[in-house]
Amino acid sequence: MFVRALCAAVAAACLLSSCAGRSQTEGGSLATSFAPAKALSSPKKAEADSPVALTPVAWGRIGSPTALAGRTINASSLADLKLRDKEVVLTFDDGPMPKKTEKILSILDEYNVKATFLMVGQMAKAHPAIARKVVDAGHSIGSHTYRHADLQNLSFDAAVAEIEKGRDAVTSVTHEDAGFFRFPYLADTRRLRQWVANSGMVVLDVQVDSKDYFGVSPAAVATRTMNTLRAHGKGIILLHDIHARTVAMLPALLTQLKAEGYKVVRLRHSNSSMMMAWLN
Ligand SMILES: [Zn+2]
């Protein structure tokens, strides 16, 4: 009996290790799964050849031509979300999730870029300290309903209640304006979109779906994301901070974005248009 159990354990271990081995080689390594990056210009060389002495300000700008962080967009409505070519917005849905969200925060920090986290209300309530870490790290937040409901399957009133409960949960945990909103499953209706806009929230649509929720290798997710992005040239990228593969692929994705000259735009929610409306 003992021997049989041992054999079963060994067999299971072999299976696991072969699975792990396969997933590592499946899509090629993260570095090689992308098309070769275009050669970047060399701003350092240009500055070094310049006869003008570098001021401290210029020294500070040496790295900026190749930096990944782009401009900040203050958005009070959908109309403000106008991205230029080669601009992307990083969005992470469904968290916060212990360990995974925190790892994503440290990767974003390493690349000095800001993202927007669309939190599920009950997740924020379950992990309030992580939700606050997201805000403390300077990222923007929004809500994603209270329990990740498919709002197209609810009555209008029930859907509104779900959205409000989710927003209240995220706001009460973070003490921050959860000004952005994303429909779970991207399942919206015209009436609900209007209601969300009237409530002062900005709906974040998606142009580049990483599809990181499918059980594929991290390399496959990164490759698909870059391919979709190249076809669009810019856009809001949908990612999830609840999957290990998303954590695993993020450094490769950010490295590739940088190599191809993309900029990660920071979104900030602004209530200015509502305030102007009230003042008038
Ligand atoms: Zn979601």
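# Reading a predicted fold, strand by strand

Q: Which residue stands opposite F92 in β8?

A: L239 stands opposite F92 in β8. Helices and strands here are DSSP runs numbered from the N terminus (H or I, at least four residues, for helices; E, at least two, for strands). One caution before going on: this is a predicted model, so local features need pLDDT of at least 70 and side-chain atom pairs count only at pLDDT 80 or more, while totals for chains, interfaces and linings use all residues. Residues are numbered from 1 along each chain as its sequence is written.

Q: What is the mean pLDDT of the protein chain, and what share of its residues reach 70 or more?

A: pLDDT is the predictor's confidence in each residue, from 0 to 100. The mean for the protein chain is 82, and 73% of residues reach 70 or more. Residues 1-65 have pLDDT below 50, and beyond near neighbours in sequence that stretch has 34 contacts in the model. Residues 273-280 are also below 50, with 4 such contacts. Where pLDDT is low, the predicted coordinates should not be read in detail.

Q: How many helices and strands are there in the protein chain?

A: The protein chain has 11 helices and 9 strands. Its length is 280 residues, and 36% of them are buried. Buried means 20 or more other C-beta atoms within 10 Å of the residue's own, exposed means 12 or fewer, and partly exposed lies in between, with C-beta atoms placed from the backbone.

Q: How do I read strand pairing, and which strands join β8?

A: Two strands pair if DSSP finds at least two bridges between them. Strand β2 (residues 87-93) runs parallel to β8, with 6 bridges joining them. Strand β7 (residues 208-209) is also parallel to β8, through 2 bridges. There, V208 has I237 as its bridge partner.

Q: Why is β8 largely enclosed?

A: Count its buried residues. In β8 (residues 235-240), 5 of the 6 residues are buried, so the rest of the structure largely encloses this strand.

Q: Which strands pair with β3?

A: β2 pairs with β3 in the parallel sense over 3 bridges. F92 stands opposite F117 in β3. From β2 the chain crosses through α4 to β3, in a right-handed β-α-β crossover. Right-handed means that, with the strands pointing away from the viewer, the path from the first strand over the helix to the second runs clockwise. β3 also pairs with β4 in the parallel sense, over 4 bridges. F117 stands opposite I141 in β4.

Q: Where else is there a right-handed β-α-β unit?

A: β7, helix α9 (residues 218-232) and β8 make one. The loop between β7 and α9 holds V216. V216 is partly exposed, with 16 other C-beta atoms within 10 Å. Its C-alpha atom is separated by 8.1 Å from that of R245, 29 residues apart along the chain.

Q: Which residues lie on each face of β3?

A: In a regular strand the side chains alternate between the two faces of the sheet. In β3, T116 and L118 are on one side, F117 and M119 on the other, and all are buried.

Q: Which residues of helix α4 are buried?

A: T101, E102, I104, L105 and L108 are the buried residues of α4 (residues 100-110). Down the axis they fall within an arc of 160 degrees, so they line one face of the helix. The arc is that of the directions from the helix axis to the C-beta atoms. Turned away from the buried side are the exposed residues S106 and E110. The cover over the buried residues includes β2, α6 and α10. Just after α4, N112 has a positive phi of about 55 degrees.

Q: Which residues of α6 are buried?

A: I130, A131 and V134. They cover an arc of only 105 degrees around the axis, which puts them on the same side of α6. A129 and D136 are exposed on the other side. The buried residues pack against α4, β3, α5, β4 and α7. G138 follows α6 with a positive phi, near 90 degrees.

Q: Which residues have the most contacts inside the largest nonpolar core?

A: In soluble globular proteins, nonpolar side chains tend to be buried together. A nonpolar core is a set of buried Ala, Val, Leu, Ile, Met, Phe, Trp, Tyr and Cys residues joined through C-beta atoms within 7 Å. The largest one has 61 residues, and those with the most contacts inside it are V88, L90, M119, A124, V170 and I237. Helix α10 (residues 244-259) gives the largest share, 7 residues.

Q: Which residues does M119 touch?

A: Contact means C-beta atoms, placed from the backbone, within 7 Å. Not counting residues up to four places away in sequence, M119 touches G95, P96, A124, A131, I141, S143, H144 and V170.

Methods. Two residues are in contact if their C-beta atoms, placed from the backbone, lie within 7 Å.
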